[in-house]
Amino acid sequence: MKFWNGENEQMVREDLEQVQLERLQSTLNRAYKNVQFYSKQFDSLGIDPGAVSSVQDIAKLPFTTRKDLGDNYPYGLFAVPLRDIVRISPSAGTAVKPVVVGYTKGDLKVRDTITARFLTAGGVIDTDIVQICLNPGLSNWGRALKEGAESIGASVMPMSHMSTSKQLMAMEDYRTSVLLTTPSYAMHMLGVMEVMNKDANSLALKAILVVGEPLKDKTRRLLEAAFFVDVTAGYGPSDVMGPGIAFECRQKDGLHISEDHLLLEVVDPNGGAPCPPGQAGEVVITTLTARAFPLIRFRTGDLASTMEKTCPCGRTLARLTGITGHTGEVLTIRGVKVHPAQIERILKVVSGAFSPRFLIHLFKEKHLDMIEIWLEMTDAIFSDEVKVVEKALTRLRQQMFQMLGLEARIKLMEASTLDDYAAPSGGVIDDR
Amino acid sequence: MLRIKNLHTYYGRIQALDNVSLHVRVGEIVCLIGANGAGKTTILNTVSGLIRRAQGEIFFENSKINGLSPEKVVGAGISQVPEGRQIFGPLSVLENLQLGAYLRFKKKEKMAIEQDLERIFQLFPRLRERLTQIAGTLSGGEQQMLAIGRALMARPKLLLLDEPSMGLAPLVVRDIMNTISALRDTGVTILMVEQNARASLRISDRGYVLETGRVVLQGSSEELLNDNDVKRAYLGKDYKTFWEGRGPV
């Protein structure tokens, strides 16, 4: 099967733009009517939602940031009464408070449709056996992918806490035909297979679909050659939306945006002016069909550019290049978005009120992103008793995992060693 | 087929439509639902040229029809069945139907008109039985059939129906709705306004929900029938108890 929603994925441009305009206008009307944050923001800027008369007019509206999501914790941005919400989906976010996204029954159906498009474009059909391997920080996506694959009718092995060798065993024994994971975890699996002296001939894999991190050409080539599969990528900002709001088709040349459900802009991260096709900028998303959690011009912090030409695959949906980087301080570690300030808050909680000096060291180990916190050894942490120090560090690791869903390593360092790096506290040393 | 962009319409200084955009594809039944005064009828009247719009564009089969006079709009292939039927009471059923083809008489399409009458009698056998009866003495359901039949005599491609179920008994409403469904099968596209949201959503493909002159929601009829907001506001389901009551039809 080539398309999941043939009709919607191949709409004539003019029809698509009419649908986008209608949905944008009703989204603005609903958001203005039901969400205080938006009505206040529009009123204070003197913006009339009734004045948006083209899709391009969206540029007149203010942005919504991750900070706004945090400030309106937990339910401030919901546009329907809680009784209509059937799924409450928190994620760490990048502010003090987590981000809570709500879904109505209808919203979940839309998410399934969008996810199913991504999976279908990557070659998933109803007879496939789909295995999902994501780290716990991406558990919302794990669910979205599971439900999307189920709506296609595939047999799904949801994400679990199995070790890589167990995952590989399952992949071999259950005859998994599609693997859904991150690029780095796929590479990691490859490494483990080498150690175990296995090769892809023992597997029944036909496709790998990756999310969470940008897929580099080199990684794609390596994985395709080693696993004898097609590798395609999906994109979504991990904290607020599903994993495949933009997805590659088998042309593997850019990601098709589900434009009938989302309006995607690329803007200059500094001034906010729209970027022409081909010029990289920050991806800004507006939902067009979301009922529970409408987002108007949400700044994702991801950098990419739009592509101009239509794709030979037949989809008329516009394309986005792969994500080329991130704005500001937000780090993406194994697909999970982390702000250095979040780590600082965790350190504060564990070490008491004061804020210790630290650096964040990111590196790759067996193709996986690793995060290591270099913590200055101070009297508050240091104790003569090894036990006490150990206990504090264990607690720190636990907190990191709980708050961010990431396994972090903690390294205690002398103040003078930290000085060598000439980075302010909270600085990032990225060796990836 | 029909494409409306950013329509603003006023009654005096009162804004009746605020930035309404909608579209109807060939062969679809699309319904507009909403409370009294939400602007549903205003949309139909603006399309048919009865009311002038202040701003916005209306395209029919890719040509602009906003600003055209009502008879030009009929000529383009759009007929409206007004709210409350508005048939010519003192005239006979046949005369009412013939008036519907007024523009075509001028074009000397007499033969074709005869054929169309036959088609309408097939759709509404009751009208043939009452051919010479004075229209004002017909029952409500029959009058509605006559009003639809009269609009069809202009051979519209798009039919605008304003509250076809108004004032009719539940059983008759079902008849009318079935007829509208059958009409679509004969190739007529339909844009319909209805207070009876449930009955109209059941036969339509898509719907738009209007509130104080604005579109607040759109979707397939199935989506709207299952939407909690729509259920609360227009399907008569109480906020506290969402039990499947037995509403009309």
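This is a predicted model: local features need pLDDT of at least 70, side-chain atom pairs count only at pLDDT 80 or more; totals for chains, interfaces and linings use all residues.

Modeller: Let's begin with domain 2 and domain 3 of chain A, whose centres, taken over C-alpha atoms, are 31 Å apart. Where they touch, domain 2 of chain A puts in 8 residues and domain 3 of chain A puts in 7 residues. The domain 2 side of that contact has no charged residues; what you find there is 5 polar and 3 nonpolar ones. As for where these pieces sit in the chain, domain 2 of chain A covers 125–233 and domain 3 covers 339–430, while domain 1 is made of 11–110 + 237–322.

Now for a pair of helices in chain A. Helix H5 of chain A spans residues 105–121 and helix H6 of chain A spans residues 139–152; their axes come within 8 Å and cross at roughly 75°. An angle from 65 to 115 degrees counts as roughly perpendicular, so that is the label for H5(A) against H6(A). On the H5(A) side, the contact is made by A:Arg111, A:Asp112, A:Thr115, A:Ala116, A:Leu119 and A:Thr120. H6(A) answers with A:Ala144, A:Leu145, A:Glu147, A:Gly148, A:Ala149, A:Ser151 and A:Ile152. Sort the residues of this contact by class and you get 6 nonpolar, 4 polar and 3 charged.

Next, the place where chain A meets chain B. Chain A brings 13 residues to that contact and chain B brings 16 residues. On the chain A side, the most comes from helix H2 of chain A (residues 13–34), which gives 9 residues. By class, the side of chain A that touches chain B has 7 polar, 5 charged and 1 nonpolar.

That leaves chain B itself. Chain B holds 11 helices and 10 strands, and its C-alpha atoms fill a box of roughly 55 × 40 × 30 Å along the principal axes.

Conventions: Residues are numbered from 1 along each chain as its sequence is written. Chains are lettered from A and ligands numbered from 1 in the order in which they are written. Domain bounds come from an automatic or database domain assignment. Two residues are in contact if their C-beta atoms, placed from the backbone, lie within 7 Å. Ala, Val, Leu, Ile, Met, Phe, Trp, Tyr, Cys and Pro count as nonpolar, Asp, Glu, Lys and Arg as charged, and the others, Gly among them, as polar. Axes are lines fitted to C-alpha atoms, for helices over the stretch in contact, and angles run from 0 to 180 degrees between N-to-C directions. Helices (H or I, at least four residues) and strands (E, at least two) are DSSP runs, numbered from the N terminus. Angles under 35 degrees count as roughly parallel, over 145 as roughly antiparallel, 65 to 115 as roughly perpendicular and the rest as oblique.
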